[in-house]
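Let's take a walk through a protein together.

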Amino acid sequence: MAGLTTFGDEARIALDTLAGRAAGLVSPSLRLGVTGLSRAGKTVFITSLVHNLVHGGRLPLFDAHKSGRIAKAYLEHQPDDAVPRFQYEDHVVALVDSRIWPDSTRAISELRLTIDFESASGWGRLFSRGRLSLDIVDYPGEWLLDLPLLAKSFAEFSRDAMDLARLPVRDDLSREWRALAEATNSDAPADEMTARRLAESFAAYLKACKADGRALSTLPPGRFLMPGDLDGSPALTFSPLPNLAEGRAKAGSLHAMMERRYEAYKTHVVKPFFREHIARLDRQIVLVDAMQALNAGPEAVADLERALTEILACFRAGRGNILTDLFTRKIDRILIAATKADHIHHESHDRLQAIVRRLADRAAEQASFSGADVDVLAMAAVRSTREGTVKQGRETLPVIIGTPLKGETIGSETFDGETETAIFPGDLPDDLDSILKQGERGTSPEDAPIRFVRFRPPKLEKTAEGVTLSLPHIRLDRALQYLIGDHLA
Ligand code: GDP
């Protein structure tokens, strides 16, 4: 098994972490990591959070806001010059003015929001007005799922990737790549074109797994899906190889080349990311699109559980690996939030939350998770629907009303992106176990319990005086209370 990390790395991470803490003493700051697999809702979450704080949105469950202690919230220059800034202003224009969803997260970005507040205790107020700089760090969850690679040799990585690719739900998607890989002689002299063909075919298979109908989650290496600025670089031009001979790769062979690139990926991509970004976080929110997984069927739900297990393993405290040892000492709260709850009626919100709680519990158990406090929440960072009822015969059905995106369909109806429609989304199943059992019996995605259409962002309401209100949401305030409330006490 390959060495996990060298002593040099270990010492450097420890120093970085200390320096970060010392810097924190100068101006109180809290680093909030926002992650989740692609399209989970990170961009929308950050945009709505900032919009609601800056514009004084409706946040009754967020104590500091409810009691009127927040004097002002405003954007400031971020502390890290080398990290791209989260494009908040562009995203607000898209959401509020154009009513289109903003461009999703493709790489890491950062935004500093500073909050001036009054302490809740007279004692606190005596000393000074409080100020908290919230550094929001947005990064793809796919990158987090690379952590286990650090403990895997190229041979182990190849074997695991092949095993995953042969699972029934992936078999057809991975067939082309597997055929190509099987037909390749790993001991033949290294050749760039062969490497590229294999890497492209492997990446195409991973991307196909992500497509709506499948909605699969566990797909390392993360940069194959979210290359950031590494697109086309040699560190990304590799692929697992089947049937590798035991022992060392033959010098100059394709096997040796792929192995070297895989190791380069770990050294130059994965490790620096954990050292420079993850190790410095204080709090973490993990967004999960449970709705889409439920919609795609039991296998997607099982896959989401696997991804959640690996994500939680990254934040596990205690013995295990040096990277996690160092940073989990810092992260003390993790919120697992099921987004897009506005797709279902509030009567189902508790069920959604219960399903995700159970997923998180099972994941935490499998990851032997301990250390940080974990909470679970069903929310919608931006609420794009209203609720209503529709009479059907003698029955009254709870419906949600919104404007489905152009091109969305239900049955034979295709929506034009302008017309409001009432939709009966169906009932969420009672519990996770019955969903997963269905999977074992081989139920198809057509049997999915909920009807899922994407809606346009809402039209913002105006007050009588003509002031536009902040983005509406479901329980964003509860998320805020859990993630930063204690720092504003
Ligand atoms: P990211 O890849 O994690 O940054 O995902 P985004 O934030 O870009 O969200 C992906 C898509 O999910 C958006 O384009 C929206 O269609 C949808 N979405 C995200 N959050 C919400 C939400 O709170 N409510 C609704 N209705 N849709 C959402």
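We will visit the nonpolar cores, then the ligand, and lastly the cysteines. Keep in mind that this is a predicted model.

Start on the inside. How many residues make up the largest nonpolar core? There are 85 of them, and those with the most contacts inside this core are Tyr139, Phe315, Ile336 and Leu352. Two domains contribute here: at least three residues come from domain 1 (7-139 + 277-382 + 479-488), and at least three come from domain 2 (150-265).

Next, turn to the ligand. Which residues are closest to the ligand? They are Arg39, Lys42, Thr43, Ser104 and Asp342, out of 18 residues that surround the ligand.

Lys42 takes part through its backbone: one of its N or O atoms lies 2.8 Å from an oxygen atom of the ligand. Lys340 uses its side chain instead, with a polar atom 2.9 Å from a ligand oxygen. In the side chain of Asp342, an N or O atom is 2.7 Å from a nitrogen atom of the ligand. How much of the ligand does the protein bury? Taken alone, the ligand exposes 570 Å², and the protein buries 97% of that.

Finally, let's check the cysteines. The structure holds 0 disulfides. Is Cys209 buried or exposed? Its relative accessible area is 0%, so Cys209 is buried. Cys314 has 1% relative accessibility, and because buried means under 20%, Cys314 counts as buried too.

Notes: Residues are numbered from 1 along each chain as its sequence is written. This is a predicted model: local features need pLDDT of at least 70, side-chain atom pairs count only at pLDDT 80 or more; totals for chains, interfaces and linings use all residues. Side-chain values use heavy atoms; hydrogens and water are left out. A nonpolar core is a set of buried Ala, Val, Leu, Ile, Met, Phe, Trp, Tyr and Cys residues joined through side-chain atoms within 4.5 Å. Buried means under 20% relative accessible area, exposed over 50%, partly exposed in between (1.4 Å probe, protein chains only). Domain bounds come from an automatic or database domain assignment. A residue is near a molecule or strand if one of its heavy atoms lies within 4 Å of it. A polar contact is a pair of N or O atoms within 3.5 Å; within protein, one must be able to donate a hydrogen and the other to accept it, and residues adjacent in sequence count only if both atoms are side-chain atoms. Accessible areas come from the Shrake-Rupley method with a 1.4 Å probe; for residues, only the protein chains shown count as cover. A disulfide is a pair of cysteine sulfur atoms within 2.5 Å.
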